[in-house]
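Please look over the following chain before reading the notes. They are grouped by topic.

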Amino acid sequence: MNLAAIDIGTNSIHMIIVKVTSRQTYEVLVQEKEMVKLGVGVFANKVISQEAFDNGLQTISRYVKLADQYGVEHIITAATSATREAKNGREFLDRLIQDVGLSPQLISGKEESRLIFLAVNKTIDLGKENAMVLDIGGGSTEAVVGNREEVLFMSSMKLGVLRLLDLVGNQNPLDRKQQKDLKEHIRSIAGKIIPKASQVGFSKVVGTSGTIRTLGEAALALTNKTIISSVNAEVVKIKDLEKIISQLLELEPGKRAAIPGISANRVDAIHLGGLLLLELLKMSKVDEITLSDASLRDGLIIDYLEKNGQKLDRLEQGKDVRESSSLMMALRYDTDIEEKKHISKLALQLFDQLKDLHGLEDSSRELLHHASLIYDIGQYVNFKDFHKHSRYLILKGRLRGFNNDELTILAHLSRYHRKSGPKKRHKKFKKLDKNLRRLVKGLSGILRVAVGLDKTKNQWVENVYCIPSEDKLCIKLFGEESLDLEIWEAQRFSDTLEEFLGLEVEIVKG
């Protein structure tokens, strides 16, 4: 199975595509990076610029298309500082849901710290001794202390290269007074965090993120160190970093890329990142830093596998690509799969026993099953109107094996599993052709009753038995527990089925 993780960072947007080889291991297939710089100006005016907003959407849309080409089953997506702090950050995430079909986690600084440490622990042999991991991003710097077995301390500081750039106000060289003022600013914030990390204790510092690796690579180039493929686990002396950073602080932006190891797309703020890194290392009282090529996106993959390894094993047993894809979507949005399988069982019993009344084709039975697995995924986004969010996610979620009409039906079934049933005054429902409207009405009528039959989410209704008569349909429920709430809820949502069948529906305990 292939997975992808997208890190919507303040400076860059990254994606990694991996092939899962076991519950704990994976093989990297593709890595992508685009320096969109969502955070430029955000920490001064609290707004993602229109250019960055549009570039971010285009970049992520391109990533999703690439993931589709690799047959990715699930894209884990996380957004960090710039999106958290921008006034239009929520709008950016809503556009991702609506236009691209992704539902990013808006993670906290501490959660970012935890995920980064998780990734570093897989790439650096930390052993039993404590290490402090530093990650300098565009809007924040994470500091985590831990060892191979556990995390002992984690925190996030509002110190990042683009945040500092907004503070300074330009990309120009810094004179001595400006350097002094910036150092004091860094120490005023880091002085609340680094001493606490030191109290926990650590024997070395590990640095990750593009800023630290870039500075580290430049320092290694200064000592004529040959880099074969990665700087991972390489050790850099502070004295060598100081030489590089002192040069960067004196150079105009256009000349910084002339230093070996410094890329042109980082010249705007790399000198500020260097000053920040040096101050943190001096406060930590170390004379070297170990580089790591681990990242937040690696942490997202590792965390997902650790949480869902056993579930993934079960999901791979889907009877075909459509069922596997539906189950993966349910898992993606933290749906209770066992509960949904129970609702599917009840829905299919109703479908089969009412076949002579509803007259729907056997192919629609399978759609009812898939809809039962994913109808409430919109709760992952927002509980309010989650049935409408579910419709969006299903339409944009890259379910495999379904044609456009089938996706439309699944989306409408999720929309109508609660609240109002389908009505001609509903614009999206009205646009469907007559046959699809009839199918949606019949299947949603059944699904609404089946969902109601698990009102308490205890799976107490074990079986149903339908007894039709000339003007009434009696649905008898069988189960050992009291089913009063299930009867009340299912009766409340039986209106659509009544209208479709032209019969009064009565739900009783058998």
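The model is predicted.

- D352 belongs to helix 15, which covers residues 337–353.
- Along the chain, D352 and L118 are 234 residues apart, and their C-alpha atoms are separated by 49 Å.

**Helix 7 against helix 12**

- Helix 7 is made of residues 176–190 and helix 12 of residues 270–284; the two pack at an angle of about 55 degrees.
- Helix 7 is therefore oblique to helix 12.
- The axes of helix 7 and helix 12 are 10 Å apart.
- The crossing in which helix 7 passes helix 12 is right-handed.
- On the side of helix 7, the residues that meet helix 12 are Q179, L182, K183, I186, R187 and A190.
- On the side of helix 12, the residues in this contact are L272, L275, L276, E279, L280, K282 and M283.
- What kinds of residue make up the contact of helix 7 with helix 12? Eight are nonpolar, one is polar and four are charged.

**H271 in helix 12**

- H271 is placed in helix 12.
- Is H271 buried or exposed? H271 has a relative accessible area of 0%, so it counts as buried, the cut-off being under 20%.
- Leaving out residues up to four places away in sequence, H271 touches Q171, N172, L174, L248, L249 and R256.

**Cysteines and disulfides**

- A disulfide is a covalent bond that joins the sulfur atoms of two cysteines.
- How many disulfides does the structure hold? The number is zero.
- C466 takes part in no disulfide, and the nearest cysteine sulfur to it, that of C474, is 8.8 Å away.
- C474 is likewise in no disulfide, and its nearest cysteine sulfur is that of C466, 8.8 Å away.
- The sulfur atoms would have to be within 2.5 Å to count as a disulfide.
- C466 has a relative accessibility of 8% and so counts as buried.
- C474 is buried too, with a relative accessible area of 14%.

Key:
Residues numbered from 1 in each chain as written. Predicted model: local features only at pLDDT ≥ 70, side-chain atom pairs only at ≥ 80, totals over all residues. Heavy atoms only, no water. Axes fitted to C-alpha atoms, helices over the stretch in contact; angles between N-to-C directions. Helix = DSSP H or I, 4+ residues; strand = E, 2+ residues; numbered from the N terminus. Parallel < 35°, antiparallel > 145°, perpendicular 65-115°, else oblique. Left-handed = near helix turned anticlockwise from the far one by under 90°. Contact = heavy atoms within 4.5 Å. Nonpolar A, V, L, I, M, F, W, Y, C, P; charged D, E, K, R; others polar. Buried < 20%, exposed > 50% of the residue type's maximum accessible area, 1.4 Å probe, protein only.
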